[in-house]
Amino acid sequence: MSIYNKKTKLEYFHGSMYEATKCIAENFSSAIAFDFMGKSTTYTDFIKNTDKCANSLAFMGIEPGDRITVALPNCPQAIYMFYAINKLGAIANMVHPLSGEKELEFYIKDSESRIVVTLDQFYPKLNAIRESIPEIKIIVASIKDELPFWIKPGYYFTQGNKISMPQKTQNTITWHDFIKNSVNNKCESRGNSNTPAVILYSGGTTGTTKGILLTNFNFNALSKQIVATNPMFRPGDKMLAAMPLFHGFGLGVCIHSMLANGGRCVLVPKFTPESYGKLITKYKCNFIAGVPTLYEALLRLTTMDKADLSCLKGVFSGGDSLSRELKKRFDKFLSDHSATIQIREGYGTTETVTACCLTPVDKSKTGSIGIAFPDNHIKIVKPGTCLELPFGEEGEILLAGPTVMKEYINQPEETAKTLRTHEDGFTWVYTGDLGTMDSDGFVYFKGRIKRMIVTSGYNVYPAQLENILDAHPAIHMSCIIGVPDSLKMQKVKAFVVLKNGFPQNEETRKSIMEYCKKHIAKYALPKEIEFRDSLPKTLVGKVAYRQLEEETCS
């Protein structure tokens, strides 16, 4: 049975993302748009620098629909470039600057980019693949150019002196020279609400890398939904923007939803738990967002022992399952540090920019990922079909609403599999995720359809077992994988990171196994427990379970 959100329909901005932020700048000209390494930039200067960047791109011949790859961390140049591309009606292909050479080559070619923008420290990787992308123009920026004057000397002696700016060539230009070209051209805004605006790469619903094409309307709709579901937000509120710009969570929630509503972004170019904790208290941030592993890291920080977190209005978790045990521990951490709120879990996919549902401010249910955003729709169906299931019955989670992607680029067959229009007139995203829904519209994530272990004919869902293991008093974090077995097809293996003070010995292993026998069905019990000092992470901070599978099964 579908649950359609019956809240009043929101009024959305019908223009480009650039135009949405420019409107805000006209009303809040002297307000601070973002902070970076101690330097604050007002909305007026944000738009002024974005316009210069757009003029320079137009001088280089960029037209509506052209693609530009942005391989930058969370820094001012990334913000200017993103909105400048958008002003011209071009498409920003946002990728991780730490991607390997072959990954960058794939992203550039697959997106058919004309220009790549990166930092001087990452330029050698692009130079190494220059022969395979000879026509590409590369714009090279430097972190030092955006630092306040009192920080530049320290940066130079610790990091900057190890980085050399590449030689100027016909196809390589420094950011400084690039911006100088802005005086040679003036351009008007060319985008509109339905213009394709962003490509974000994701494993998609089938686990293979795909470029997800999103529109201006997708992002502007999200920005309205975020504020509607957080009525405590006020212009000037500060968001700690540590989630990366190549991820829908970082770009859609931490950046655009703030800048399109008069918020203030505290940019974090390189995440460490220590810097994250320090910035929360230094700027008295009102909102923080991250994946569960980020909150695990904060719990370990001794520097947060006396932190005052009464400034927080919202703490959001997404991108991966938040175990009940972690939520319990982090809620206590917030309470112990004078916060009056609890962590709120959300859910979504890159095919819908990012979050589609969120735990309400005034009501939560144990184990739930919340209810649909205004104007979003969620239903549970028999996997791969359009057959709706009753409340409480497990099936595939389907999403519909104003943030649904346009397509997977260059993959019409995969697009057709994931986007399907039903008799109700809605185009639904088949997420490949399993879940249930109750009669109040609360959704419960159960795991990915693809991430399933089949042992002796039984289906075992790793996320459910990890939730159980993480509640053990000795366990800090766990990951479950399936290992090939000649008799059972697969057997269950657990990788475990212990809390400080618990030894990695046979006695601890036996304690965990006895605990498992009490909480897990016999067929789903781990046949092996391997202790690790840490678990591998993906580029966005999730536990890289596929890497563990490859290590174990190769």
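Two strands pair if DSSP finds at least two bridges between them. The legends below describe close-up views of a predicted model.

**View 1. Strand β18 and its antiparallel partner β19.** Strand β18 (residues 377-381) is joined to strand β19 (residues 395-400) by five bridges, and the two run antiparallel. Within this pair, Ile378 lies opposite Leu399 of β19. Five of the five residues of β18 are buried, so the strand is largely enclosed by the rest of the structure. In a regular strand the side chains alternate between the two faces of the sheet. In β18 both faces are covered, with His377, Lys379 and Val381 buried on one side and Ile378 and Ile380 buried on the other.

**View 2. The open sheet of nine strands.** The strand order is β3-β2-β12-β11-β13-β14-β15-β16-β17, with mixed pairing. At the edges stand β3 (39-42) and β17 (371-372); each has a single partner strand, so one side of each is left without a neighbour in the sheet. Helix α9 (residues 248-259) packs on this sheet and touches β2 (32-36), β11 (238-241), β12 (264-267), β13 (287-290) and β14 (314-317). The direction of α9 makes about 155 degrees with that of β11.

**View 3. The β15-β16 pair within the sheet.** Strand β15 (residues 343-348) and strand β16 (residues 355-358) run antiparallel and are joined by three bridges. Gly346 has Leu358 of β16 as its bridge partner.

View 4. Of the eight residues of helix α11 (residues 292-299), seven are buried, so the helix is largely enclosed by the rest of the structure. The buried residues are Pro292, Thr293, Leu294, Tyr295, Glu296, Ala297 and Leu298. Their cover includes α10 (273-283), β13, β14, α12, β15 and β26 (475-485).

**View 5. Aromatic pairs, with Phe330 and Phe333 of helix α12.** The whole structure holds 17 aromatic pairs. One of them is formed by Phe330 and Phe333, whose rings are tilted, at 5.2 Å centre to centre and 35 degrees between the planes. The two residues are three apart in helix α12 (residues 324-336), and are therefore separated by about one helical turn. An α-helix has 3.6 residues a turn, so residues three or four places apart point the same way. Both Phe330 and Phe333 are buried. Elsewhere, ring pairs link Phe34, Tyr43, Phe46, Tyr80, Phe82 and Tyr83 into a cluster.

**View 6. Charged side chains over tyrosine rings.** Lys210 places its charged end over the ring of Tyr408, 5.3 Å from the ring centre. The charged end of Arg420 sits over the ring of Tyr430, at 3.8 Å from its centre.

View 7. A disulfide requires two cysteine sulfur atoms within 2.5 Å, and the count here is zero. For Cys311, which is in no disulfide, the nearest cysteine sulfur is that of Cys285, 6.8 Å away. Cys311 is buried, with a relative accessible area of 17%. Cys357 is likewise in no disulfide; the nearest cysteine sulfur belongs to Cys356 and is 7.1 Å away. Cys357 also counts as buried, at 0% relative accessibility.

Conventions. Residues are numbered from 1 along each chain as its sequence is written. This is a predicted model: local features need pLDDT of at least 70, side-chain atom pairs count only at pLDDT 80 or more; totals for chains, interfaces and linings use all residues. Side-chain values use heavy atoms; hydrogens and water are left out. Buried means under 20% relative accessible area, exposed over 50%, partly exposed in between (1.4 Å probe, protein chains only). Rings of Phe, Tyr and Trp (its six-membered ring) pair if their centres lie within 6.5 Å; planes under 30 degrees apart count as stacked, over 60 as edge-to-face and the rest as tilted. Helices (H or I, at least four residues) and strands (E, at least two) are DSSP runs, numbered from the N terminus. A charge sits over a ring if NZ of Lys or CZ of Arg is within 6 Å of the ring centre and within 35 degrees of the ring normal. Contact means heavy atoms within 4.5 Å. Axes are lines fitted to C-alpha atoms, for helices over the stretch in contact, and angles run from 0 to 180 degrees between N-to-C directions.
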